[in-house]
Amino acid sequence: MDWAVFATIAVPAGTAGLLMAIPSRHRDVVRYVALMSGSSLFILSLIIFGKYQFDDGGYAFELQLDWLGNVAFLGEKGITYHLAVDGIAAPLVLLTGIVIFAGVFMSWNIEYRNKDFFILLFLMVGGVYGVFESVDLFFLFFFYELAVLPMYLLIAVWGSSTDFGTFVRTKEYGAMKLVLYLVAGSVLIFIAIFATFVEAGQGSFDLPVLGSVTYGENFQKTFFPFFMLGFGVLAGLWPFHTWSPDGHVAAPTAVSMLHAGVLMKLGAFGILRVGMSLFPEGAAFWAPVLMTLGVTGALYGAISAMAQRDLKYMVGYSSVSHMGYVLMGLATMNEIGINGAVLQMFAHGVMTALMFAMVGAIYDQAHARDMTIFGGLSRNMPRHASYWAVAGLSSLGLPGLAGFVAEFHIFVGTFQADYIWAGALGILAAAITATYILRMLAFAFFGPFNERWASLKEMRIGEQFGGAVLIFFIAFMGMWPMPFVDRIAATVSRLPGIT
Amino acid sequence: MIPIQHFLVLSSILFSLGIYGVLARRSAVLILMSVELMLQAVSINFIAFAVYLAPEEFTGLIFAIFVITVAAAEVGLALAIVLRIYRNKATANVDEVDIMKW
Amino acid sequence: MGMDDAWLLPAVPAAAFAALLLFGKYLPRKGDWLAIGAIAASFALFIPVLADLLDEVGREGFAGVVSGTDWVEFDTFNLRLGFMVDQLAIVMLAVVTFVSTLIEIYSVGYMKGDPRYGWFFTAMTLFVTAMITLVLADNLLLLYVAWEGVGFCSYLLIGFWHERRSAAEAAKKAFITTRIGDVGLLIGIILLWREAGTFSIREIIEFAQDGGYSAEYLTTAVLFVFAGAVGKSAQFPLHVWLPDAMEGPTPVSALIHAATMVVAGVYLVARMMPLFVVADPVALDVVTAIGLTTVMLSATMAIVATDIKRVVAYSTMNSLGLMMVALGAHSVTAALFYLFVHGFFKALLFMGAGSVIHGTERQEVWELGGLARKMPLTALAFAVGTLAMIGIFPFSGFWAKDEIVNVAADELAWIVVAFLVFSIFLTAVYMTRLYLLVFTGRPRDDHAHEHAHEAPPVMSLPVLVLAALAVIAGFWAFDQVGRALGFPGGIGEFVFLDEAQEFAFPVVAAISSSLAAVGGMAFAYALWFGEAEQARQLGERFRPLYKLWKNRYYFDDAYQWAINNLVLVGGNVIAWFDRNVVNDTGVDGSAGLAVFSGFQMKFSQTGRLPNYALAIVMGVIILAIVFLAVRV
Amino acid sequence: MTYEEGIFYVVAGMTVIGALGVVVARNVVHSALFLILALVAVAGLFLLLSAEFLAIVQVLIYGGAVTILILFAMMLTRVRDVPQALDGPQRPFAAMAAAAFLSVTILAVVGTDWEALGATEKINVIPIEALGDVLFRNWAVPFELASLVLIVALIGAIVLARGEEGE
């Protein structure tokens, strides 16, 4: 099955190529090609996740092709196309498969240049898979950029602007801010990658090779922040989070789903895979800072979400809040906390994708996102309301759904790492989450039915199906987290510097 | 017995005067003339190095020949450009031609 | 079938819930039979478990049977789906399984014709699953899971008629208020784990008894745990959600907000009682103080409440406060005994109130009256419930409440006991008032009165069963009764903290509390019987007091004010900060700075050749100097 | 002072005077004439350096072609007709830059140990046959390329200077 990992990158790239060849007037052909590709990615991801042998937590599905070697400053294995999956990447690969699969359903009704939309979408997905699966820093960075850049066009062309009455947040603004922010982050990453490369002196960008070197303490302390901030920007690290609400709100549904659901995880994944595994001492030194920023983000995002009236802004800020938990988990530097962080990446990925999908589903019909003008929608849209409820309850940490398992691990890890104040504030933020989720449900779906929205109908069958897939995984992880925990824990326990 | 330093100092003086001319003069034609002075200085250097340092190889001399060749081409082209500017802007003063800004 | 198979108790309703959720719509009668069957099966399964426990309980050192499996585990971290059966759990289980079976049957009649009939039973089944899990949990994590689960079901069921704005708001209020307590509970649980390295309740207790925790640490932790109990059991200051929770259908109020879920807080404290004992005495003092405050607040508010269900809700708070006081006197026996009988008579009261509401479609007491003739069975049952609640000999409430007064007299300050006795007087006043206004006197709303009719048998039968239990359940206090039923003795020899205690009739307590109760009834009779003129005059005379009680001590207003002016404003401030300071100033500002400096710097591009040439020469000179300097 | 040095100083003096005249003359035509002086003097230096061929080329190309071209350009642009300042406002900076450059280069010249680099005491005479031999044997391709450059420059100059149709 070693080809499976390669295929997850080849399939989106091939889909993009194939779509280019289809004349754009065949809209349905484009849709079905996208669906085929999305389903095959979903199946491939399931295979990778299922077949990953978690006994020792090492790399599986390894594939290493030479690309550049013995040139200039590069050694024998200078830059290799080195793909592999470990226990941390496996759930995230699965997450990507789930979200793109559901995302295709949510994008079914796009009429405006849908061919180009799917081309860019699949390019981005290929990049995402590439980041999770690359074990070579050069290609990791390459795919990282590939995952970020199509976003600009996707938002600027297919996005939507928000009118706040006194001012307008245009989609171009959102797109520009998002891309500039993320590119600024990658500059830091780029510097740190080269610094590591030079310091290691192995003439190789291969992570296992770089990981076999022990770096000086001062070097680690100097360059860990580069990774922490550079990747952290994509993970919504406070106070570099403001691209997230504006960008997500401006983006079209499937892009929001992918971006909040998967791309933000790239950041946290990068901190863990590159920063913490190469620089354990640096990470230990900076962990209190990361913890503080993570807690601040968690609380701050939750409180901000409470003040939002726009559904999508609420979800956007809740992403900031939940990614704050992920960063808290990473900052604990112990196995429970980091397990929790990875679990939270998965959990937040599916539930935030579901939320964005539901916002999109209602926006398509109502062309409004202000929760206060709705009311009693559950009468006409009971499924829609219950999907919202599942996503919301998962995010407020209701046991039995994915969010609880993840957040609980993070809190326990935080307490274990002696950040009692941080853990307590994190739990408080979860209570605030309950406030804004229930407030939203009460505004939009409960209470007396607002006749203005009498024409709204239940979601399309495709949207229902896509949402049901996400719900299945939310419930699955909430009820039976062992398949995830096994894989994650096996790899996390191998990380250096973890207590 | 002239030591090499004599030639080098002389070429320095020539080059510096060329610099002064390029920076101080306004007319494009005068600037070109100053550039020629600088090129002369370079040629002197080349030949001096060739004669003093590596008499068995003729690289310096050959470079000087190329310098003269290219300088001739350069003067021809540059003066054509000056004429062109003069026809368009009715001046040959470089500080009056400043549309390539901002 | 024995204690090892206790996991079946929650598993059966869980399976029924899954089936109802997925296929409920397609089942005949929307699957109510499946829900009732599953819960009845749970109750049936409870009996062999009980029998097994009774076989074992006499053995030396018996401390419950643990079974179950790992849920999440890696390295040394381990979360279990573990179940523990011991005396405490059994008493709770008896109430939960039995009362919920009866209430589900009752609901068939009460909920008939509701558009979401099937959903009601689905949610109720989920609730029973979670509640049984809560009772059986052998570790704090599973307990927390179930704890949140029952809270969520409570949210669903309070908001069952969510088209009503008030119901949607009440559901939200209940969930968020209890959630605040749960923040404390989760912190407490993790704090306990942090030192002990296990979530297992038994191991934590052993760890604490071995002195594993420092006193301050343990006290802090148990107080956090207690915060969870405060939220769930509607204790002061998180009590505000319970009266509003009456927006739910009456069977929900009976099951969740009287008999089972709200006593989970009491159950939790009883479970963790060994920790409270080891901790600083301050912890138990806090429990007592909070319980007593709740008792006094609820008893006074109930006197002026006019909604039949709200009065019963206040009486529930009153009872919960009493149980907390009992726990404050570290008497698990008294608390659990009261919990046991309370489950029956409070469910009875709610179901009686439900029958009234069902029959008249009114719930304001001033619109009711004289129903005793129209609904004799209900009136009888309600009377039994009222007497039990007041604590009149020989109804079940009498024995349980006297036990509490007795332990309080033994363990607590005299002022506490005085307040308790006074609260019994108040209880008698408001319960009698409720009964008088609803069932006696002249009908105040003729239309409602004419339409009033006795509830159908499917509703009145469960009520009568509960009424019978409300009369006799208290006799379990006697050793003879306990032995006859197969228990080692009365409840004091079955459920206890350190050592079994034989039942001793507390004469002084009984007399004083009976006097208070009878006095209260007489007082109420004098005020409210007939046209209730005296009551109105009294209300006029003590206008400020009346208003204070009527406005529920302004707690709701204060909280609403805090939410509006502190929480929401705080949220808006942060959102404003994010938009204007972080984003517009920080982010757009730095972008603007770049644009501005670029705009300014472009003027250095003069477009004049000499300037550029000068720059080139300067550069060359500088490079030359650098080169020379480096070479030298 | 040997007789060789005497000639050097005379020729060098003429070069410097010519160059100075180019950059400071108040009249553009004077500047051009000074340029001719400087160029011819440089040809003399080439002779001193035993590069007779280059000296001839220098006189032919610079002394003849280039100066004529420049004088033509002056005529066509009528630079001399309009009375105006010949120096820009940047002159003080120009002087400073030139002085700085001069000091840096002289420092470099003086500070370098030329003997160590293999400089001979006297001028080595380079036979012109050998130069021709190398130029057309080893440097044939660049030489041809140089003629190509000249052709291109010529065509470019014509195109630029000719002006648009109808002008």
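Q: What describes the way in which helix H15 and helix H21 of chain C cross?
A: The axes of helix H15 (residues 332–360) and helix H21 (residues 457–472) of chain C come within 9 Å and cross at roughly 150°. Axes here are lines fitted to C-alpha atoms, for helices over the stretch in contact, with angles from 0 to 180 degrees between N-to-C directions. Helices are DSSP runs of H or I with at least four residues, strands are runs of E with at least two, and both are numbered from the N terminus. This is a predicted model, in which local features need pLDDT of at least 70 and side-chain atom pairs count only at pLDDT 80 or more, while totals for chains, interfaces and linings use all residues. Residues are numbered from 1 along each chain as its sequence is written, and chains are lettered from A and ligands numbered from 1 in the order in which they are written.

Q: Is the crossing in which H15(C) passes H21(C) left-handed or right-handed?
A: The crossing of H15(C) with H21(C) is left-handed, a term for a near helix turned anticlockwise from the far one by less than a right angle, clockwise being right-handed.

Q: Which residues of H15(C) and H21(C) meet?
A: H15(C) provides Phe344(C), Phe345(C), Ala347(C), Leu348(C), Met351(C), Gly352(C) and Ser355(C), and H21(C) provides Met459(C), Pro462(C), Val463(C), Leu466(C), Ala467(C), Leu469(C) and Ala470(C). Residues are in contact if their C-beta atoms, placed from the backbone, lie within 7 Å. The contact of H15(C) with H21(C) has twelve nonpolar, two polar and no charged residues. In this scheme Ala, Val, Leu, Ile, Met, Phe, Trp, Tyr, Cys and Pro are nonpolar, Asp, Glu, Lys and Arg are charged, and the others, including Gly, are polar.

Q: What makes Leu83(B) buried or exposed?
A: Leu83(B) has 22 other C-beta atoms within 10 Å and is therefore buried. The rule calls a residue buried at 20 or more other C-beta atoms within 10 Å of its own, exposed at 12 or fewer and partly exposed in between, with C-beta atoms placed from the backbone. Leu83(B) belongs to helix H3 (residues 59–89) of chain B. Beyond its neighbours within four places in sequence, Leu83(B) is in contact with Ala73(D), Leu76(D), Thr77(D) and Ala161(D).

Q: How many residues of chain B and chain D are in contact?
A: The contact joins 60 residues of chain B to 77 residues of chain D. H3(B) gives the largest share of the side of chain B that touches chain D, 21 residues. That side divides into 44 nonpolar, ten polar and six charged residues. Among the four pairs of chains that touch, chains B and D have the most contacts. No contact joins chain A and chain B, whose closest C-alpha atoms lie 24 Å apart.

Q: What is the phi of His367(A), which is not a glycine?
A: His367(A) has a positive phi of about 55°. The residue is in the loop between helix H14 (335–366) and helix H15 (382–395) of chain A. His367(A) counts as exposed because it has 8 C-beta neighbours inside 10 Å.

Q: What is the omega of the peptide bond from Trp238(A) to Pro239(A)?
A: Omega is near 0° and the bond from Trp238(A) to Pro239(A) is cis. Pro239(A) lies in the loop between helix H9 (217–234) and helix H10 (243–250) of chain A.

Terms used: Contact = placed C-beta atoms within 7 Å.
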